[in-house]
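Please examine the chain shown here before reading on. The paragraphs that follow begin with a single residue and then widen to the whole fold.

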Amino acid sequence: TSLGAMVFTAAASAYAHYVREGIVWHYFRGLAPGIILGCVSSALIAGRLSSRTLEIIFGLSVCVMGLYFCFGTYSLKEGHNKKTGIALLAVLGILIGAFSTILGIGGGIVTVPALTGFRVPMKNAIATSAATGF
């Protein structure tokens, strides 16, 4: 039920960001195919893992994300580099898709920090993440 509701919420969010021209299409085009591939492959792998293994992966990942958000650095400089290679973005997309699927979390928790690391302004990172999330 919640996944069904999220589809409509994600669509509305992505559309609102599109209307406000917040989506950075270069990053979207680079990330989206990889995210799809990562999600599908990770779903197939997760089905073969034991519940205990998934619990350990989830617990360790939550700890790492918590440490990152407590002590990680964000790029404060704006002005993204549109020359970021599509191959790099595709690999990053695969990792984002796989990570978020295996943990059962939204990909935005990884996508937004990754895009800000590429110096994409926070508003645009959130908008692009919303589009890839949909």
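E21 is exposed, because its relative accessible area is 69% and exposed means over 50%, whereas buried means under 20% and partly exposed lies in between (1.4 Å probe, protein chains only). E21 belongs to the loop between α1 and α2, and its phi is near 55 degrees, a positive value in a residue other than glycine. Most residues other than glycine have a negative phi. R119 also has a positive phi, of about 70 degrees, although it is not a glycine. This residue sits in the loop between α5 and α6 and counts as partly exposed, at 37% relative accessibility.

Some conventions are needed at this point. The model is predicted, and local features need pLDDT of at least 70, side-chain atom pairs count only at pLDDT 80 or more, and totals for chains, interfaces and linings use all residues. Residues are numbered from 1 along each chain as its sequence is written, and side-chain values use heavy atoms, with hydrogens and water left out.

The chain as a whole has six helices and zero strands, where helices (H or I, at least four residues) and strands (E, at least two) are DSSP runs numbered from the N terminus. Along its principal axes, the C-alpha trace spans about 45 × 35 × 25 Å. Of the 134 residues, 28% are buried.

What makes up the largest nonpolar core? It consists of 12 residues: V24, Y27, L31, I35, L89, L92, I96, V112, A114, L115, V120 and A125. A nonpolar core is a set of buried Ala, Val, Leu, Ile, Met, Phe, Trp, Tyr and Cys residues joined through side-chain atoms within 4.5 Å. Helices α2 (25-46), α4 (86-103) and α5 (108-117) each supply at least two residues of this core. In soluble globular proteins, nonpolar side chains tend to be buried together.

Contacts (heavy atoms within 4.5 Å) show how individual residues are placed. Leaving aside neighbours within four places in sequence, V112 is in contact with M122, A125, I126 and S129. T128, in helix α6 (residues 122-133), counts as buried because its relative accessibility is 0%. Not counting residues up to four places away in sequence, T128 touches G22, I23, V24, Y27, F28 and L115.

The surface also holds open space. On a 1 Å grid over the protein atoms alone, a pocket is an open set of points where a 1.4 Å probe fits, with protein on both sides within 12 Å along at least five of seven lines; lining residues have an atom within 4 Å of a point. The largest pocket contains about 710 Å³ of space, a volume being the space filled by probe spheres set on the points. It is lined by 26 residues, of which M6, G107, T132, G133 and F134 are the closest to its centre. Helix α1 gives the most to this lining, with six residues.

Finally, E55 lies in helix α3 (residues 51-71) and is partly exposed, with a relative accessible area of 48%. The C-alpha atoms of E55 and T132, 77 residues apart along the chain, are separated by 26 Å.
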